[in-house]
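Colleague: Hi! Could you walk me through this model in plain words?
Modeller: Gladly, here it is.

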Amino acid sequence: MNHSEEILINVTPQETRVAIVENGSLQEVSIERRRNRGIVGNIYKGKVNRVLPGMEAAFVDIGLERSGFLHVSDFEIVEESGECKLETETHEHKPLPPINQLLHEGQTLLVQVVKDPIGTKGARLTTSISVPSRYLVYMPNASMIGISVKIEEEQERERLRSLLSTVMIENRTGGCIVRTAAEGVEDAELNRDIKFLCTLWDSLLEQSKTARPGTILHEDLPLAIRTLRDMVSNQTDMVRVDSRETYQKLVKFANKYIPDLPCKIEHYPGDRPLFDLYNIDDEIQRALGRKVELKSGGYLIIDQTEAMTTIDINTGAFVGHHNLEETIFKTNMEAAQAIARQLRLRNLGGIIIIDFIDMLQEDHKRQVLKTLEKHLDRDHAKTQVCDVSPLGLVEMTRKRTRESLEHILCEPCVTCRGRGTHKTVETVCYEIFRELLREARVYDEAQQLLVMANQAVIDMLLDEEAASLAELEAFINIPVKLQVESFYSQENYDVVPV
């Protein structure tokens with residue numbers, strides 16, 4: 001079967017949404033909202049406002065409302081030699097001199113934000129500049145080459161180390177870190193990334209020579225352009241964007257940094273919304289629910305918690321044609337494929353526990369696991385899958401790259417406070433009875449007790465629980481009045497002495 005991949009970019013003034021569609025099916029969604037964009041990663045030409053020897057720190061004006069904070073531990077002395085060394089297991093840092101020997105008021109320097117401003121505190125800064133690309137992080141002021149520890153195969157580490165050290169020593173001062181995503185990537189792709197980073201850094205340096213202090217020189221790319229940098233591959237057939245302005249920016253970026261790409265970028269001018277072409281909004285809505293229906297009639301239940309994500313598989317209405325083991329095997333095989341897609345679509349990260357339906361045959365277990373791993377291969381985030389445990393569980397991890405879809409689009413329910421359930425009408429009625437008793441004891445001279453509650457709660461108090469309410473009124477010897485409050489949720493109520 002031929003593989004097709006399209007990337008759809010929907011742009012509005014408030015937010016940008018990116019959808020990756022493979023063979024007509026939505027696989028991944030990224031959302032960036034204008035008001036929530038931070039400044040971490042931004043590079044500024046700063047000016048030292050004040051040096052604080054007692055704190056071993058300095059305040060640096062970077063053109064924002066509050067000055068940034070630069071601690072001596074975040075100050076990097078530029079290597080004069082520019083020699084590029086190979087990665088070592090231990091990298092010793094010489095002790096830095098006091099802050100007032102490194103900086104003085106009025107001095108200009110390049111700084112990068114490592115922590116957004118919070119409350120009354122300004123941004124946390126560093127002079128250890130780094131510029132990321134898809135596979136690499138270029139560090140112009142460093143002098144080492146590092147390989148991500150998550151790339152474990154020694155032969156692959158040596159290949160990457162050799163390639164990067166040769167290129168860096170021949171063409172460039174500075175250091176480089178190879179990101180996990182570079183594992184198995186061809187030399188040509190890595191060379192393209194190096195060229196991109198070097199061009200970007202040269203442009204930034206040239207700009208800094210004439211820029212005024214407080215000027216931003218580089219900010220992390222907006223989502224649409226990051227998508228070109230990080231997501232587009234030889235497998236991508238087309239990048240469609242519904243904003244002409246963004247389309248022009250993408251083409252300009254691609255012409256400069258990824259010259260073989262512009263022919264794949266297309267402006268979509270249609271009246272019908274771009275995401276409607278593939279029912280993207282409907283798919284996003286479904287991806288916010290706990291239950292995922294399988295074509296066979298089975299289903300998944302996905303629960304996301306702070307500690308981990310759990311996925312339970314059920315056969316549901318699927319009964320199969322021959323025997324129970326066949327039914328279970330087919331359901332698990334379909335579930336494995338669906339789970340790989342849901343992890344990408346919902347962007348679930350961290351520890352994931354999958355409770356496949358118990359299988360008796362070892363061969364069936366191996367095939368289900370192999371299917372899961374096969375469909376995870378296309379995931380941009382790094383995953384690691386363990387064997388089926390004695391309890392029939394599969395433990396796996398998926399690297400957290402950004403907030404999950406649910407965390408971006410949703411917030412905890414104010415009624416259930418994130419529990420995912422709320423109290424029954426009956427439970428709330430009994431709570432009200434107890435509250436009436438408490439209020440009657442405290443306000444024994446009250447003329448009346450007023451109960452304000454949701455319509456469903458008042459209905460039950462007037463119907464199924466009417467006799468109980470009458471008994472309680474007689475017991476406390478205070479009349480009880482009921483009042484519907486339409487804006488109250490089912491769990492909300494008030495008992496007020498009148």
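Colleague: Great. What should I know before I start?
Modeller: This is a predicted model, where local features need pLDDT of at least 70 and side-chain atom pairs count only at pLDDT 80 or more, while totals for chains, interfaces and linings use all residues. Residues are numbered from 1 along each chain as its sequence is written, and side-chain values use heavy atoms, with hydrogens and water left out.

Colleague: Okay, helices. How do H10 and H12 cross?
Modeller: Helix H10 covers residues 425–442 and helix H12 covers residues 466–476; their axes come within 11 Å and cross at roughly 10°. That makes H10 roughly parallel to H12. Helices here are DSSP runs of H or I with at least four residues, strands are E runs of at least two, and both are numbered from the N terminus. The axes are lines fitted to C-alpha atoms, for helices over the stretch in contact, and angles run from 0 to 180 degrees between N-to-C directions. Angles under 35 degrees count as roughly parallel, over 145 as roughly antiparallel, 65 to 115 as roughly perpendicular and the rest as oblique.

Colleague: Which residues of H10 and H12 make the contact?
Modeller: From H10 they are Phe433, Leu436, Leu437 and Ala440, and from H12 they are Ser468, Leu469, Leu472, Phe475 and Ile476. Contact means heavy atoms within 4.5 Å. By class, the contact of H10 with H12 has 8 nonpolar, 1 polar and no charged residues. For the classes, Ala, Val, Leu, Ile, Met, Phe, Trp, Tyr, Cys and Pro count as nonpolar, Asp, Glu, Lys and Arg as charged, and the others, Gly among them, as polar.

Colleague: And at what angle do H10 and H11 pack?
Modeller: About 70°, with the axes of H10 and H11 (residues 455–462) 9 Å apart. H10 and H11 are therefore roughly perpendicular to each other. Val425, Glu426, Val428, Cys429, Ile432 and Phe433 of H10 meet Ala456, Val457, Met460 and Leu461 of H11. Those residues divide into 9 nonpolar, no polar and 1 charged.

Colleague: Let's zoom in. Is Glu431 buried or exposed?
Modeller: Glu431 counts as buried, at 15% relative accessibility. Buried means under 20% relative accessible area, exposed over 50%, and partly exposed in between, using a 1.4 Å probe and protein chains only. Glu431 is found in H10, and, leaving aside neighbours within four places in sequence, Glu431 is in contact with Lys423 and Tyr493.

Colleague: What does Ile408 touch?
Modeller: Again leaving aside neighbours within four places in sequence, Ile408 is in contact with Ile31, Arg33 and Glu403. Ile408 and Ile31 are 377 residues apart along the chain, with their C-alpha atoms separated by 7.7 Å. Ile408 sits in helix H9 (residues 405–409) and is partly exposed, with a relative accessible area of 25%.

Colleague: What lines the largest cavity?
Modeller: Arg134, Arg192, Asp193, Phe196, Arg229, Phe253, Tyr257 and Ile258 do. About 80 Å³ of space lies in this largest cavity. The largest share of its lining, 3 residues, comes from H3. The lining has 4 nonpolar, no polar and 4 charged residues.

Note on methods
1 Å grid on protein atoms, 1.4 Å probe; cavity = no way out; pocket = protein on both sides within 12 Å on 5 of 7 lines; lining within 4 Å. Points joined across faces, edges and corners; volume = space filled by probe spheres on them.
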